[in-house]
Amino acid sequence: MELDKKAVEKKMKIFTCVLAAVFLLLLTRLGFMQIVEAGRYRTLATQNHQRLITVQAPRGEIIDRNGVRLVVNKPVYTVSLVYLGLEDSGRTVDLLAGLLEGDVSLKGLAAQQIRQDIEEKIKGHQRLYEPVRVAVNVSQETVNKIEERRMELPGVIIDVEPVRYYPFGDLLGEVLGYVREITAEQLNSHRDEGYQMGDSFGQTGLEYTYESYLRGRNGARQVEVDAHGHPVRDLGFKSPVPGNSLVTTIDHRVQRAAQDAVAWAVEQTRNGIAKVPPGTPITGAAVVIDVNTGEVLAMVSIPSYDLNIFSQPLQARKYNELLKAGALRNHAIQTPYTPGSTFKMATLTALLEGKVVDPKTTIQDPGYYKYKKDWKPGGHGVVDAVGAIKNSCDTYFYHFGSMAGPELIGKYAAEYGLGQLTGIDLPGEEKGTVASRELKKKIWAGNDWESEWREYDSMDMAIGQQENKFTAVQLANYVAAIANGGTIYRPHLVKKVVSPDGADLKSFKPEVVRKVNVSRETLDIVREGMRQVATGDGTGSAAFWGAPYRVAAKTGTAEVGDKAQNSHALYVAYAPYEKPEVAVSVIIEYGYKGSSLGGPVARKILDAYFQAKKEDAGEIRKEQAPGAGQAASPAGQGQPGAVQPQVRQGGGASPPAGQEGAVQNRTQPQNSGGTGGTPGQGGTPTPGQGGTGRNTSGTDANTGGGQGGITPPASPGSGGGVPPGRLPVQPPTGGNTGGPGPGT
Amino acid sequence: MYRRVIKNLDYPLLGTTALLLLFSLITIGSATLEFTDSSIEQIQGMNFFLRLLHMDYYFVVRQVAWIFLGLIVAAVLIYIDYEDLAKYSRHLYLINLAMLTAVIFLGTSALGAQRWIYIGPFSFQPSEFSKLIIIITFADFLAKRQGRLNSLRELIPCFVYVGIPVLLILKQPDLGTSLVFIAMMFGMLFAAGARPAILAGIIALGLVMSFSVYEIHGYLHNSDVRMMEKIAQVSKAAGGNDISLINNGELRREIEKKGYSLNAGDLNEYLDLLKKEHQRVRSRHEAFHKFTLQEYQMTRLTIFMNPESDLLGAGYHVWQSRIAIGSGGLTGKGLLKGTQSHYTFLPIRHTDFIFSVVGEEFGFVGVTALLFLFYILLYRGVRIVVMARDTYGMLLAAGIVSMFAFHIIVNIGMTAGVMPVTGIPLALFSYGGSNMIMNLAALGLLLNVYVRRQKLIF
């Protein structure tokens, strides 16, 4: 059959038209995508291949008053996962979970659990292509294992990030507080401050109060990545800004001693003294305050715990254990305890100021007042105001307390800051309560008889029972006010904030809350009473037998009011008596008697304080040593101490101080700032070498005043410690130039 | 004779083809380059020609080899008078069937389908050559039936003739290639003079049928999935976690309506009931797939219907391709500068998704130029259809043109997200030996028809 050309031509015309139409449609579609929607697709493409990777900024450190670092940052390996949505993502998670199983940071977790954890985290992390942190503080071994199988683990990122590290473990735990990843609520309430998911946030303690200073500003790295999340090239880098450091008022030596002492006392209490069911948490607290500034030298809350557990994935079991034991609470500021007889100074103040008694008023104590017995059967004989404190004479306070009434006693308790917030720079401070008619009414509401204030309530209140409940920090501050002549300072834990470059950003000066409205005479009598407590046959004297310093104190045995007749052991003190420097409060829950448990704790604490003071004094004298060394040099050849007493400390031949200096060097190897370059190596065998220096650390040897030589004996006369890597250009000759090293 | 062939070649067609191949080679060289370090920075400052030197030539060299092979085949096909081919059409048809059957038994699978046969170190895709063979044999088949294609009854033998190889290809399974066969068949039937109304009716029927298949599958699939979810929840609840049930009020009401309480014993009983029911639903679902399309093909259809439903899973390819094209903008990011391509976000970019690379690196200007070249190619092809000296030649040309047209439209439509993903390469452009040789051979055949357009020449 012949070909119908015309028909074919017609059909092909139709075909061509249809083809043209389809091509135009395609072109329209492409044009729409590439011209109209190009911006949107460009953004999507950029999101695909550009990543902003956060570079964690280290948080500021927390340092004790002498420059010893209490909280530092430690670089650790972290493992993160970028969910790529690839088909084999499930396999990656499987493999990764398997590799992480058995790592120290995830101890005890089975691969299955880790896997679920990771999947939940990915699910919770809505934004694609952003790394989700899977494990922190991963061991080198695990990192090696992951690196070996890199190709099978697309999207897995190993990074080094700073985490909190606490070189002293449990030291000052509740006060320092811990840091965790910011929670959703915190993120919400701090929205304007530039926080992001995954940032660290101080949860409690100083970490919380000073969060705005401590936090660093994270940097970022902008990188281009391929479809597997592997970085291809860097586009830019914004350096992280480290946080500011806190210089605290804490002295780590006093803190250590105090913490150990309270822990010891709590342990004693647990092992027999306390009559409580097993498993009942027993707490203890102690506060050491500088009476002239309100600086807190030590703050103890027992039970304590090693803060380093918060730098790892925290297991719920462990956390609950701590919570149940009361370890996460700072008992020194958050738990009000019945003060017992430590309250009697406040009562006596009220009696004297309210003219209920005068200093000479005496009673003949038969061992009871009306229906209430003194703690000492048979009584204390003739007792005046001072004697009432010295003997902790309940009869005296029953007698006059009932005459004074709750308003007067309550007024002076409040005057001393008891039952009031001290305003310490820590979160969660509890107020406690001062006994009062209203309080009793509130507590016993509905009980007509009990809700009325009775005479015996006044008597109980006067000896620190009833509803009197104060925190350890209130007690310490109250004793401090008595000691310093009536000034209430705001207790504080931070001296200053130091920026990363070492500049002082902010200093916290002593802050006077108020002068108590109590006469000098009254305070003198109270102090005299407290002095007598700690001396002779005073109730609290045993603990301070043979102390090389003079103490004023008061014991307290606060009845808990339970069936087992438990009581808390309390002890407050200040020292030295003549020129008070430091006030201490000690509370041992269920510790029975203040004199038997509280006293020894206070003794240990005050011993540590004066020991530390002595060490510091040695250092300070050594600090002045370069000058002394120079001056002494001519005479210094083998004649230490002949002319100028300072030489003894400066030029060496002061073995005890020297040893202390050495200890110092061990405990704070990288210490800079405050004590930089000061502690010396006292006992060098070459007296007359100008001063002492710390050649253990290259930079430190160049700061501070303590330059000079630990020169080897072989080169006598060449003053100046030689910083590593730097030789003196001109060897100094003779002792005259023996002072500053070449670095100054 | 030899000189006459040379003299009578369609040079515009050849020129267009040459340009397309050159464009293709550059794009392949760019597409396969991956950046794993900062070497991308070196490229920034270079001009176009310097950048050409930095392409990845591994696949380019291979493709050039395939092109040469294809040109040889094309030259041979130009030389033989196409009418001689008609004489062997019966043999060719049988060889074709044998080859496609062989794939099912000897084929190597890749990407879920058996498409390749290995002969020594070489592999080839029989279904590619099958396209050309079907054109040659079906043209003969139709030429003999010209004028007798006016009723459905007369068309049925045609459908059977093409249907047998199509079924064999579907068995691989290769939906895309089967669709190419169907497109070619309709194109040739149209050219052969079948009544357009019948053809349109059949196409419409086909569309309606595939839509119902899609919907039926959706129903079967969803009830299967929902059943599985229910079982998971009830077994969770039976295991003591009743929160999962309390949270799902609908399921709880359903259980209570059927007279079961929420205690463990009753729940376990209900669980058995559900499992039995699920088995029924599951077998129904499986039976569907056995007789129609596979699950993955249905997923592709689902993605096409609702492209943003699973951007990281099944919809990943199309989504990345759209990002690549769209982000290219008017003038493109420049050769070797496409981030979608060179950071490997775009999958299978030197083969099926090569058009997206053009879109990303050369922009709207580039894709317009490419579409223009393809249009010229097709237009010259249509001219040859019209100029063919006899029905057989005309049908050969029509088949080849419809094959090219279908490939081009479906592939570009797929990368732009307006057609479902079918795995059809871009003719004369995608990397791939079998496809390139077949395409060039088809062009050779087309030129054969052109060269012999006037009976008297030879």
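This is a predicted model: local features need pLDDT of at least 70, side-chain atom pairs count only at pLDDT 80 or more; totals for chains, interfaces and linings use all residues.

1. Gln565(A) sits in the loop between strand E21 (552–559) and E22 of chain A. Its backbone deserves a look too: phi of Gln565(A) is near 55 degrees, a positive value in a residue that is not glycine.

2. Thr344(B) belongs to the loop between helix H17 (339–342) and helix H18 (354–387) of chain B. As background, most residues other than glycine have a negative phi, and most peptide bonds are trans.

3. On peptide bonds, two in chain A are worth checking by eye. The bond from Ile302(A) to Pro303(A) is cis, with omega near 5 degrees, and Pro303(A) is in the loop between strand E12 (296–302) and helix H11 (316–325). Ala575(A) and Pro576(A) are likewise joined by a cis peptide bond, with omega about -15 degrees. Pro576(A) lies in the loop that runs between strand E22 (567–575) and strand E23 (582–588).

4. For the overall picture of chain A, there are 24 helices and 23 strands. Of its 744 residues, 51% are buried. Among contacts between residues at least 6 apart in sequence, 70% join residues at least 24 apart.

5. Now to the contact between the chains, which takes 36 residues from chain A and 48 residues from chain B. On the chain A side, helix H1 (5–36), helix H2 (38–49), strand E8 (219–225) and strand E9 (231–238) each supply at least two residues. The largest share of that side, 18 residues, comes from H1(A). By class, the chain A side has 21 nonpolar, six polar and nine charged residues.

6. How do H1(A) and helix H16 (residues 316–328) of chain B cross? Their axes come within 6 Å and cross at roughly 70 degrees, so the two helices H1(A) and H16(B) are roughly perpendicular to each other. The crossing is right-handed. Leu30(A), Met33(A) and Gln34(A) of H1(A) make the contact with Arg322(B), Ile325(B), Gly326(B) and Gly328(B) of H16(B). That contact has three nonpolar, three polar and one charged residues.

Conventions. Residues are numbered from 1 along each chain as its sequence is written. Chains are lettered from A and ligands numbered from 1 in the order in which they are written. Two residues are in contact if their C-beta atoms, placed from the backbone, lie within 7 Å. Helices (H or I, at least four residues) and strands (E, at least two) are DSSP runs, numbered from the N terminus. Ala, Val, Leu, Ile, Met, Phe, Trp, Tyr, Cys and Pro count as nonpolar, Asp, Glu, Lys and Arg as charged, and the others, Gly among them, as polar. A residue is buried if 20 or more other C-beta atoms lie within 10 Å of its own, exposed if 12 or fewer, and partly exposed in between; C-beta atoms are placed from the backbone. Axes are lines fitted to C-alpha atoms, for helices over the stretch in contact, and angles run from 0 to 180 degrees between N-to-C directions. Angles under 35 degrees count as roughly parallel, over 145 as roughly antiparallel, 65 to 115 as roughly perpendicular and the rest as oblique. A crossing is left-handed if the near helix is turned anticlockwise from the far one by less than a right angle, and right-handed if clockwise.
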